[in-house]
Amino acid sequence: MKFSLDDKTKQTLLNAKSIVFFTGAGISAESGIPTFRGKDGIWNKLKPEELANFNAFLKNPKLVWEWYQHRKDIINNCQPNPAHKTIAEAQNSFDRVTVITQNIDNLHKRAGSKTVYELHGNIERNFCIKCKKEYGDDVPLKEGLPKCECGGLVRPDVVWFGEYLPQDVFQASEKEAENCDVFFIVGTTGIVYPAASIIYLAKNSGAYLIEINITETDVTSSVDQSFFGKAGEVLPLIFSEI
Ligand code: BV8
Ligand code: ZN
């Protein structure tokens, strides 16, 4: 793949002190995790209304629970790809590197990123909706239902549609966006709010926005530089030039 970094982007990166990587499902696509809205996206087969919301869970906890177990099985057999690894390695060359991710797959941490803000939670964590007891993989099943010892239902610790994002994580992410020099947007449609608002906060705070995606998105017209290609190929190329 022919690749060249224009001078402006190159200089901006060379002078950068703080870099934020805002990521979505597209960064994990090359690890084998289906995206949400792409041609093989999981939403295409299943509707978010039916699955990723609290009422759906109360109505059919077994279906929603099994969907997350299915996704967890996929994730457990996946590895971080060169995009996740490049982001982790960038920590050695810049004063501050932060990841703000919409993904729940834990791949950034597994790749070695240290400062990771998980806006939509993490599929490896679960909690009881009654007593809030936290669980990992040790959720007791009673007739196939995830049940806490107190009798309450156990749910994945992810943010469903209509639910609030963890306020501390969201506020910390906003602060990073306000104080960074370069803000990468990697593998996201940028249509899910309030997460996507962080992109525009970074822009309005004077950050240099670089998008990496295989197609144009709602964000493309707002960025300073777009790279159209796979994150696992483009990110290593960018950082090999600086
Ligand atoms: C909230 C966790 C109230 C769970 C997720 C109507 C009714 C109800 C709500 C709303 C509504 N209208 C709007 C809303 C708000 C709603 C929303 O934004 N909906 C959207 C769909 C319009 N948001 C909410 O409900 C949020 N809560 O609003 O609460 C409130 C109100 C005010 C203030 C505070 C609170 C909660 C949203 C969180 C939902 N949970 N996930 C789970 O994972 O099961 S969202 C889900 O979508 C994932 O987190 C995912 O990350 C996220 C965004 O999708 P993307 O990551 O962008 O993934 P996608 O597949 O869309 O795109 C992949 C991209 O990668 C594509 O661009 C593709 O081209 C690219 N790509 C593919 N391959 C590659 C690649 N790029 C590079 N390289 C590749 N190889
Ligand atoms: Zn409980």
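This is a predicted model: local features need pLDDT of at least 70, side-chain atom pairs count only at pLDDT 80 or more; totals for chains, interfaces and linings use all residues.
Ligand 1 sits in the largest pocket, where a pocket is an open set of points, on a 1 Å grid over the protein atoms alone, with protein on both sides within 12 Å along at least five of seven lines, and sitting there requires more than half of the ligand's atoms to lie within 2 Å of its grid points. Residues are numbered from 1 along each chain as its sequence is written, ligands are numbered from 1 in the order in which they are written, and side-chain values use heavy atoms, with hydrogens and water left out.

Around ligand 1 there are 32 residues, and those that come nearest are Phe-36, Arg-37, Tyr-68, Arg-71 and Thr-188, a residue being near if one of its heavy atoms lies within 4 Å.

Turning to polar contacts, meaning pairs of N or O atoms within 3.5 Å, the side chain of Arg-71 places an N or O atom 2.6 Å from an oxygen atom of ligand 1. Backbone N or O atoms also take part, that of Glu-163 at 2.7 Å from a nitrogen atom of ligand 1, and that of Tyr-193 at 2.7 Å from an oxygen atom of ligand 1.

Finally, ligand 1 lies between domain 1 (1-33 + 80-120 + 165-242) and domain 2 (34-77 + 125-158), because both give residues to its shell, the bounds coming from an automatic or database domain assignment.

Terms used
A polar contact is a pair of N or O atoms within 3.5 Å; within protein, one must be able to donate a hydrogen and the other to accept it, and residues adjacent in sequence count only if both atoms are side-chain atoms. On a 1 Å grid over the protein atoms alone, a cavity is a set of points where a 1.4 Å probe fits but cannot get out, and a pocket is an open set with protein on both sides within 12 Å along at least five of seven lines; lining residues have an atom within 4 Å of a point.
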